[in-house]
Amino acid sequence: MRTTTQTAVRNLGILAHVDAGKTTLTERILFATGTTHKRGEVHDGTTVTDFDPQERDRGITIFAAAVSCAWDGYRINLIDTPGHVDFADEVERSLRVLDGAVAVFDAVAGVEPQSESVWRQADRHGVPRIAFVNKLDRAGADLDAAVESIRRRLHPAPLVVQLPIGSEDGFTGVVDLLRMRSLVWSDGGGDAVEGPVPEALREEAGRRRRVLEEAVAELHPVAMEEFCLESTVATPTLVSALRDLTRSGDGVVVLCGSAYRNRGIEPLLDAVVAYLPSPLDVPAVRGTHQGVEEERTADPAAPFAALAFKVNITPTGRLTYLRVYSGTVEKGDAVWDSVARRTERIGRILRVRADRHAPIDRAVAGDIVAVVGLKSARAGSTLCAPGAPLVLEPPGVAEPVVSVAVEARGPAGADRLASALARLAEEDPSLVVRTDPETGQTVLSGMGELHLEVATEQLRRVHGVEVNVGRPRVSYRETVGRGVSGLVFRHVKQDGGAGQFAHIVLDVQPLAEGFEFRSTVVGGRVPQEYVRAVEAGCRDALSEGPLGGHPVTGLRVTLTDGATHVKDSSDTAFRTAGRLGLREALRACAMVLLEPVAEVTVTVPDDAVGGVLGDLAARRGRVSGSTARAGAAVVTATVPLVELFGYATRLRSRTQGRGTFTARPTGYAPAPAAVLVR
């Protein structure tokens, strides 16, 4: 039986580009809801969600932090996500378990590169969003320009429900276009003072209310019907239509304010409650059991099912963060880990508030909690009732693009380093640890230079392991530039007893991306089970290309002919033939080395543009655009990732510390021949 308690729950994330004000907004939400009694500041290192020492030192969010608070009778489970591209995997895992999100935009910059990336991530997960245009008190802040950038770059229908009162440093409040009232905040903070719409803004507020009604009527049939009959849309109809459009993704409600000055927070919380869905409003979660798809509704009486999305290993124990999708779990309950295929026992259940926790007796469908006592669960593990097993789809993990060699200082630290790296990879699945087969070095791979900097610093600070770190290296790929047809490969092995025989003929052609295998063999010359073995062997061969041993992508392999031996042919023989045959075919192809590239957005003073453009050209960058913004230039370019190592220091020196940049990986591009000899 479902309870009304679940309708009063909101699971949401705060999404944005770095420095748009996510963490400050989270702090103001905690303050407004009475969860904290003092406003934390990023620059003072006193925020609740940026509790890690590295986050406080660097002034950015690195790890997604969950907090829980209450507003107007509703429980809000909130996750403050990182804004830096290197930590996009933290955002991905968070979005997998959220029902809604608040996307934060800088009122001066509008949509920035990482805002666009996290928006697309939310699109993939079907997460409804509302938008908050922050920093309206900054010089150059422009709500209309920010909204237009949302419309142009993100392509939703922005539905603006507020009008700012004052501009830049004179921003004091907003006009609520739904209830046609003003909300003004004093410099000393405190609650908003409600009043009538200021006389100077009455005409503009009326015009914008009309624009809002027309925009909603175009998208919502009930609002359209009322608009056609009455030439207006009543406030209750507007609110209901905005809720429907938000949850369907056809529109995004836009609010505004200044988190730093504590203005606009209460209306935002009201919008979260009014427009974003509860666990009962989202589709039932789907999973599989023995290959059969099953559906679990957000019902506390249903069999228990939860997804682990984060693991945090602390000196006092191992915390596993769960989103409960169905059923109820109590402390002491036995649960089944469908991935590890073992029974675990829940020791304690905790309501989370970043690095502080409050014990609770149970968690029900819709809750986001942390549990203590699980030994095998990893991010992506499904926990369920032992009598009703289920496997939920885990969050995707991006492939790492940058690697460094790490070694302990001194022989005594080798074992401690191996243990520490294993714990790091357990907490952050986007970190990959491997041993280089040629050099024997331990290689740590991640999503970017900063990601690896943070990881190696964690080794020192948290695990007490001093390490030497090599120069960063990027992950190259190889692809087929010109293919080969009719390559014949025969695998014959006879060393006593049953032998091995497989004869295959392969065509290899370029493909836009990925790998595709097909067979055009006729007449049963190669039985179907051997065709599958050839495909498996070809996939084995993709791990190392002929240019430099890099993974191979972007090719289509066609098995055109073959032959078998009545006694010596087997799956093993044809798999070996597929692997060795494709390697020989790739050596005969014209291969192309691919290197990872990133879209770089550089913001610099006008007087430094020339030097920055020259430096980008020296780094093999291709400039794709340049715009002016309040005395500064914003340059966009595509640059090979390997050329961006150390760019932050170089940019600061060229611009006397006034230049900033962001980089967003966009895929792979052909590398010049000179890269092969690096």
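Predicted model: local features only at pLDDT ≥ 70, side-chain atom pairs only at ≥ 80, totals over all residues.
# Aromatic pairs, a buried lysine and a strand contact

Q: How many aromatic pairs does a search of the whole structure find?
A: Rings of Phe, Tyr and Trp (its six-membered ring) pair if their centres lie within 6.5 Å; planes under 30 degrees apart are stacked, over 60 edge-to-face, and the rest tilted. When the whole structure is searched, the number of aromatic pairs found is four.

Q: Why is the pair of F309 and Y321 given its type, and what is that type?
A: The ring centres of F309 and Y321 are 6.2 Å apart and their planes stand at 55 degrees, so the type follows from that angle. F309 belongs to strand β14 (residues 305–314) and Y321 to strand β15 (residues 317–326), so the pair ties together parts that are 12 residues apart in sequence. F309 counts as buried at 3% relative accessibility, and Y321 is buried as well, at 5%. By its angle of 55 degrees, the pair is tilted.

Q: What is the angle between the ring planes of Y647 and F661?
A: Y647 lies in helix α16 (residues 647–654) and F661 in strand β38 (residues 660–670), and their pair links distant parts of the chain, 14 residues apart. Y647 is buried, with a relative accessible area of 0%. The pair is edge-to-face, with a centre-to-centre distance of 5.0 Å and an angle between the planes of 75 degrees.

Q: Which side chain of opposite charge is nearest to K22?
A: K22 sits in helix α2 (residues 22–32), and although K22 is buried, K22 has no salt bridge, a term for a side-chain nitrogen of Lys or Arg within 4 Å of a carboxyl oxygen of Asp or Glu. At a distance of 5.2 Å, the nearest side chain of opposite charge is D80.

Q: What is the C-alpha to C-alpha distance between A405 and V469?
A: A405 lies in strand β25 (residues 402–408). Although A405 and V469 are 64 residues apart in sequence, their C-alpha to C-alpha distance is 5.8 Å.

Terms used:
Residues numbered from 1 in each chain as written. Heavy atoms only, no water. Helix = DSSP H or I, 4+ residues; strand = E, 2+ residues; numbered from the N terminus. Buried < 20%, exposed > 50% of the residue type's maximum accessible area, 1.4 Å probe, protein only. Lys, Arg positive; Asp, Glu negative; His and termini not counted.
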